[in-house]
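Please examine the sequence and the structure shown below.

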Amino acid sequence: MVGNTSESVFLVKKLEILNEFSKRFLVKKRVLDHFFRCESLTNGDNSVIELSHFLVKNIVGQTHVPEILVIDIMNKFLKEVKAFSEVLRSGHITWIPERKRLYRKVRVYLHKTYKIAPVFDYNRARKNLELLHMLLTRNYFWPRITTQLALVIFVTDRNDTSLVNDQFILQKNLRAVCSCSAYAFHRARNILGINKKGKIC
């Protein structure tokens, strides 16, 4: 049955909004993808950087995204990542002993990480989270949720066959966005036998 004109106009406008949202998301992804793989998220004291003119120029030159969009994307990203890091470091994330519930909780934080920094394949990361929990169960080893996030994104990124010239996410950026220390990250990798290529030895 044919709908009326007002319904047709509503659908067209909805599609236009969705298309605009998709375009913005792709631009955000391009900017942050370059940033995570080529620039530093933290200063020497491990605090999140402030946006500088020099950094903006670098990103514009490499991504060919207009400067005004780069500034907007990076300002929002840095604000969000600072707030997210504070939550992760606060110690208020309660540990859930039941495995299925713990998986769901880590998955929620994985999705939050992806919304802030869509620089990895989220669907693949969800599958890798399931595999990680199987590996953790087998090893009777359960690191903090922040370490689990860092491990999942690391493995997902290192096994991404679409990457050119193995331009992986910089580990310091990965650890910073997940609020995971270098010690905790490498200790967990060694215990679980995950090598530099993101494979289980």
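**Overall architecture**

Among contacts in the protein with a separation of 6 or more, 68% join residues 24 or more positions apart; contact means heavy atoms within 4.5 Å. This is a predicted model, in which local features need pLDDT of at least 70 and side-chain atom pairs count only at pLDDT 80 or more, while totals for chains, interfaces and linings use all residues. Residues are numbered from 1 along each chain as its sequence is written, and side-chain values use heavy atoms, with hydrogens and water left out.

- The protein has eight helices and zero strands, and its elements run α-α-α-α-α-α-α-α from the N terminus on; helices (H or I, at least four residues) and strands (E, at least two) are DSSP runs, numbered from the N terminus.
- Of its 201 residues, 41% count as buried, where buried means under 20% relative accessible area, exposed over 50% and partly exposed in between (1.4 Å probe, protein chains only).
- The protein exposes about 12,400 Å², of which carbon and sulfur atoms supply 56%; the areas come from the Shrake-Rupley method with a 1.4 Å probe.

**Asn 173**

- Helix H7 (residues 171–177) contains Asn 173, which is buried at a relative accessible area of 0%.
- Not counting residues up to four places away in sequence, Asn 173 touches Phe 35, Phe 36, Glu 39, Ser 40 and Leu 41.
- A polar atom of the Asn 173 side chain lies 2.8 Å from the backbone nitrogen of Leu 41.

**Ser 179**

- Ser 179 is placed in the loop between H7 and helix H8 (182–192), and counts as buried at 16% relative accessibility.
- Apart from neighbours within four places in sequence, Ser 179 is in contact with Ser 85, Leu 88, Arg 89 and Thr 146.
- A polar atom of the Ser 179 side chain lies 3.5 Å from the backbone oxygen of Ser 85.
- The C-alpha atoms of Ser 179 and Val 81 are separated by 9.9 Å, although the two residues are 98 residues apart along the chain.

**Second largest pocket**

- About 290 Å³ of space lies in the second largest pocket, the volume being the space filled by probe spheres set on grid points joined across faces, edges and corners.
- A pocket is an open set of points on a 1 Å grid where a 1.4 Å probe fits, with protein on both sides within 12 Å along at least five of seven lines; lining residues have an atom within 4 Å of a point.
- The lining of this pocket comprises 14 residues, with Thr 42, Asn 46, Arg 175, Ala 176 and Cys 180 nearest its centre.
- Helix H3 (67–89) and H7 are the elements that give two or more residues to this lining, and H7 supplies the largest share, three residues.

Definitions and conventions: A polar contact is a pair of N or O atoms within 3.5 Å; within protein, one must be able to donate a hydrogen and the other to accept it, and residues adjacent in sequence count only if both atoms are side-chain atoms.
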